[in-house]
Amino acid sequence: MTSRIPRDSRLRLVRPRPLAAAPRAVNQRRPRRPAPRPPEGTPAPAELAGMARAGLAGAVRVARWADAALGPGRAGATADGKATLSDATAERAAVDLGLSAAQIRADWDTARLAGLVEVHGDSARPGWRLRAWDRDDSAVLRGWVALFDAWSLACPEPDGHEPAAVAEVVSAMPQVLSFLQLSAGPVPVEQLLDLLQQRVTELRTERCEVAYEPGTGQPAGAPGPADPGPAADAPLAPLLDWALRALASVGALTYGDGQATLTPLGNWAVWVKLEQICVAAQSPAGNIEQSAEDMLRGCAQLRPNAARAEYRAWLAARPVGSAVTELIAAARGDDALLRGLAFEALRVVGAPAEPDVRSVVDEPALRPYALLWLAEHDGVDPEDAHEALTREEATWLWVDTAAAVADHGEAPMLVRHLESAVQPTVPQLLDEVRAVGHPRTVQVLVALAAAHPDPALAKAVRRAAFQVHTGG
């Protein structure tokens, strides 16, 4: 049974935070607590990254093929501008790589979900993770976690099931995964099915969709022991099978012989989710001698004042013209965090950067940042600078900042990022996010759905991610 009452999950706001402040939110951290130690027996990060590289080798191979064979601006990569490979491109990749077209399409979808490739219209380009794949274990692990979060998109759901039932199972799977993690070994599927039934029942009860008979523990009208009727678990068994197979396909668990076991990667990822932490970035050191991109990455963990001091020192060590050019180049990359930080550094530069900033106003990816920079440079209060953006530009910036938070921040920070949206309701936000066409929309929505504690809101966000993923 599912609710037929339409829901309007409104953003729970007192007053919205201006978008001008949104890029800074990535840098703001609460005081650090001592880092919790992973469960005993968890492989070292380098070993986990090696497992992730092995599991995503096919996706990386296709992504690198697309980077070399297609290149930016070339037509024919996708059939409809919705990130679906055209038949001609899939066949070409299959011939070049010695694989079947079906395998190419599967690896392509995996690469997209892991953030290894981004599709802009009919051209494909590598995501920032692909550039860092061989040298940055944290980028590899973040890419695998992005795929883990999107497990429900990795495999088609079984036919003949209500979307609401599928959404309930997706919402209940974190508890199933937590149980697997705590069990630290194989768990019979029957036990997981029982747990899934309990959690789905709890979700329905929380929405007041199931009325219980006093003292029986049975839903009202449900068949009792003497009246077996259809088994209560009949609708959920095939959905649990689908969920376990999908999680196995992304490398989170092994599934067979009537039992499931978390892989080392899956065990680590569930622990990370339970602890609500992200893969630790290396502490900044020696940033003054680094390139703009490396300097910005080193400053990502600093508080705003400390980061500005680092920007000043970096700028003082090189000519202003070349420094501004290098910062703009870093902003053009695929890492949204670096884009926001690059414009923070350009704020430190001040007037000498104005001509270069004005020159990028017509570049869609940089336009919102450039307009905010110019508004503040012209004397507009930073709290009011967001008024220089159109609604579409503000929404694009919201998605871009959310991508930075999803890649580099903690789950609660992503939930709090909702406060910076200009839309008054979640449905309106989702409609405009889907329309704006940001290349990271699917990953952002999947991460937000995984992070948000409100099951109804998470369900709506997850549905929107699926619609964007399938071009609906």
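**From the whole chain to its contacts**

Of the 472 residues that make up the chain, 48% count as buried. The model is a predicted one, and its chain holds 23 helices and five strands. When contacts between residues at least 6 apart in sequence are taken together, 68% of them join residues that are at least 24 apart.

Some of these helices can be followed as pairs. Two packed helices are described by the angle between their axes and the distance between the axes. Helix 2, which covers residues 45–55, and helix 7, which covers residues 137–149, have axes that come within 9 Å and cross at roughly 55 degrees. Angles of 65 to 115 degrees count as roughly perpendicular and those under 35 as roughly parallel, and helix 2 and helix 7 are therefore oblique to each other. The crossing of these two helices, helix 2 and helix 7, is left-handed. On the side of helix 2 the contact is made by Pro45, Ala46, Leu48, Ala49, Ala52 and Arg53, and on the side of helix 7 by Asp137, Val140, Leu141 and Trp144. Sorted by class, the residues in this contact of helix 2 with helix 7 comprise eight nonpolar and two charged ones, with no polar residue.

Buried means under 20% relative accessible area, so tryptophan 144, at 2% relative accessibility, counts as buried. Phenylalanine 148 is buried as well, since its relative accessible area is 6%.

Phenylalanine 343 and tyrosine 369 form another stacked aromatic pair, with 5.6 Å between the ring centres and 25 degrees between the planes. Phenylalanine 343 lies in helix 16 (residues 336–349) and tyrosine 369 lies in helix 18 (residues 367–377), so this pair ties together parts that are 26 residues apart in sequence. Both phenylalanine 343 and tyrosine 369 are buried.

Helix 16 also takes part in a packing of its own with helix 19, which covers residues 391–408: the two pack at an angle of about 115 degrees, and their axes are 7 Å apart. Helix 16 and helix 19 are therefore roughly perpendicular to each other. In this contact Ala336, Leu337 and Arg339 of helix 16 meet Trp396, Asp400, Ala403, Ala404 and His408 of helix 19. By class, the contact of helix 16 with helix 19 has five nonpolar residues, one polar residue and two charged residues.

Threonine 263 has its place in the loop between strand 5 (259–262) and helix 12 (264–275). With a relative accessible area of 14%, threonine 263 is buried. Which residues is threonine 263 in contact with, leaving aside its neighbours within four places in sequence? They are Gly251, Ala252, Leu253 and Thr254. Of these, alanine 252 is 11 residues away from threonine 263 in sequence, and the two are 5.6 Å apart in space, C-alpha to C-alpha.

Key. Residues are numbered from 1 along each chain as its sequence is written. This is a predicted model: local features need pLDDT of at least 70, side-chain atom pairs count only at pLDDT 80 or more; totals for chains, interfaces and linings use all residues. Side-chain values use heavy atoms; hydrogens and water are left out. Axes are lines fitted to C-alpha atoms, for helices over the stretch in contact, and angles run from 0 to 180 degrees between N-to-C directions. Helices (H or I, at least four residues) and strands (E, at least two) are DSSP runs, numbered from the N terminus. Angles under 35 degrees count as roughly parallel, over 145 as roughly antiparallel, 65 to 115 as roughly perpendicular and the rest as oblique. A crossing is left-handed if the near helix is turned anticlockwise from the far one by less than a right angle, and right-handed if clockwise. Contact means heavy atoms within 4.5 Å. Ala, Val, Leu, Ile, Met, Phe, Trp, Tyr, Cys and Pro count as nonpolar, Asp, Glu, Lys and Arg as charged, and the others, Gly among them, as polar. Buried means under 20% relative accessible area, exposed over 50%, partly exposed in between (1.4 Å probe, protein chains only). Rings of Phe, Tyr and Trp (its six-membered ring) pair if their centres lie within 6.5 Å; planes under 30 degrees apart count as stacked, over 60 as edge-to-face and the rest as tilted.
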